[in-house]
Amino acid sequence: MTDNIQLASGSKLPSIGLGLWKIAPDDVAPTITSAIDIGYRHFDSACDYGNEAEVGNALQQVLQSGKVKRDDLWITSKLWNTYHRAEHVRPALEKALSDLQLDYLDLYLIHFPISLQFIPFDKRYPPGWVTNPDEASPHMEPVAVPIRETWEAMQELKEAGLVKEIGVCNFNCALLRDLLSYAKIPPAVLQVEMHPLLTQEKLLRFCRENDIAVTAFSPLGALSYFSIGMAAEGESLLDREVIKQIAADHQCTPAQIILRWGVQRGTAIVPKSTHPDRLRENFSLFDFELTEDEMATINNLNENRRFNDPGKFGEEAFNTFMPIYE
Ligand code: A2P
């Protein structure tokens, strides 16, 4: 069993999605097939993940198998930073649709409030963060594109019927408030990093009060970041005594407790796994409920610890100081 989050438009975003970031191209098809068999219908993709063509092939296979219809699926993708100029937004979406072999997306998100110099598709796709990856000191090249310009082009995609919903990622309250001041179509969804070490209560409350649904990426916290050197030993939530105790009390796993906390506070979650047993585990969150005390205990783990921060990795990995949350 899964659950849905009703968006301002009335459409329903499945609470549990499969995050496709860091799934190697060869693993995409078996992972998506397993996920579909387990019951996943929500898939969280992006140009920048570098596997949209493989995701498209896998989706085609499951659609042709007759296991699911297009209407049953919720497919999200994201506009990359190099395509923020109005004239690049629709071509970027059309490229994603072509790779995904779809004629519409359920949700298209601005991936970051960061605009980088345009790189033509035939030069490099996905373009990634840096302008000059082959040089000794690759760096990002920011360009001054107002978010309003990008958002107005996003609105046109919805008006053209190419996407059902539009939204943003990695925005804070101030950016959202500014966006809401001019948006003809307000963002349906905000996607941000969110887990018990980064609870973001105020952002969540702001979104609730403004009818913006929230999707939590990296809902398990550090796990996704060990392999890329962005989390330190000891930061895994799975090893926390309080989480282990609550898991034992509910006869489930620590990962299920962390993910259940995410859905129970009203956010959608998009955990990634390529392992069928974990895919199943992460999808089995609706046959138990955390008590108010347990929710509060987990909330108290908050350390405002952000793993995915361009203000940090921008400089470390791409020689470019790119703070956005400060
Ligand atoms: P794996 O794919 O090997 O299962 P993200 O934060 O991007 O959602 O990634 C989640 C990370 O946690 C991945 O590295 C994934 O690895 C791992 N993972 C996903 N589900 C579980 C689980 N139930 N228990 C332990 N690790 C998990």
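Predicted model: local features only at pLDDT ≥ 70, side-chain atom pairs only at ≥ 80, totals over all residues.
**Figure 1. Strand β8 between its partners β7 and β9.** Strand β8 (residues 189-193) runs parallel to β9, and five bridges join the two. Within this pairing, Glu193 has Phe217 of β9 as its bridge partner. Strand β7 (residues 163-169) also pairs with β8 in the parallel sense, over three bridges. Here Val168 stands opposite Leu190 of β8. Strand β8 is mostly covered, since five of its five residues are buried. On one side these are Val189, Gln191 and Glu193, while Leu190 and Val192 are buried on the other.

**Figure 2. The open sheet of eight strands.** The strands follow the order β3-β4-β5-β6-β7-β8-β9-β10, and their pairing is parallel. The edge strands are β3 (17-19) and β10 (268-269), each of which pairs on one side only.

**Figure 3. Leu162 and its surroundings.** Leu162 is found in the loop between α4 (147-159) and β7. Its relative accessible area is 15%, which is under the 20% limit, so Leu162 counts as buried. Leaving aside residues up to four places away in sequence, Leu162 touches Arg90, Leu93, Leu97, Asp103, Tyr104, Leu105 and Leu157. The residue His84 lies 78 residues from Leu162 along the chain, and the C-alpha atoms of the two are separated by 17 Å.

**Figure 4. Backbone features at Pro126, Gln200 and Asn319.** Most residues other than glycine have a negative phi, and most peptide bonds are trans. The peptide bond from Tyr125 to Pro126 is cis, with omega near -10°. Pro126 is placed in the loop between β6 (105-110) and α4. Gln200 is not a glycine, yet has a positive phi of about 50°. This residue belongs to the loop between β8 and α6 (201-209). With a relative accessible area of 15%, Gln200 is buried. Asn319, also not a glycine, has a positive phi of about 55°. Asn319 is found in the segment after α11 (310-318). Its relative accessibility is 43%, so Asn319 counts as partly exposed.

**Figure 5. The protein chain as the setting of these views.** The protein chain contains 11 helices and 10 strands. Its radius of gyration is 19 Å, close to the 20 Å that the globule rule gives for 326 residues, so the chain is as compact as a globular protein of that length. Along its principal axes, the C-alpha trace spans about 55 × 45 × 40 Å. Buried residues make up 55% of the 326 residues. Among contacts with a separation of 6 or more, 73% join residues 24 or more positions apart. The chain exposes about 14,200 Å², of which carbon and sulfur atoms supply 47%. There are 30 positive and 46 negative side chains, and the centres of the two sets lie 3 Å apart.

Conventions. Residues numbered from 1 in each chain as written. Heavy atoms only, no water. Helix = DSSP H or I, 4+ residues; strand = E, 2+ residues; numbered from the N terminus. Rg over C-alpha atoms; globule rule 2.2 N^0.38 Å. Buried < 20%, exposed > 50% of the residue type's maximum accessible area, 1.4 Å probe, protein only. Contact = heavy atoms within 4.5 Å. Areas by Shrake-Rupley, 256 points an atom, 1.4 Å probe, with all protein chains shown as cover. Lys, Arg positive; Asp, Glu negative; His and termini not counted. Charge placed at Lys NZ, Arg CZ, Asp CG, Glu CD. Pairing = 2+ DSSP bridges.
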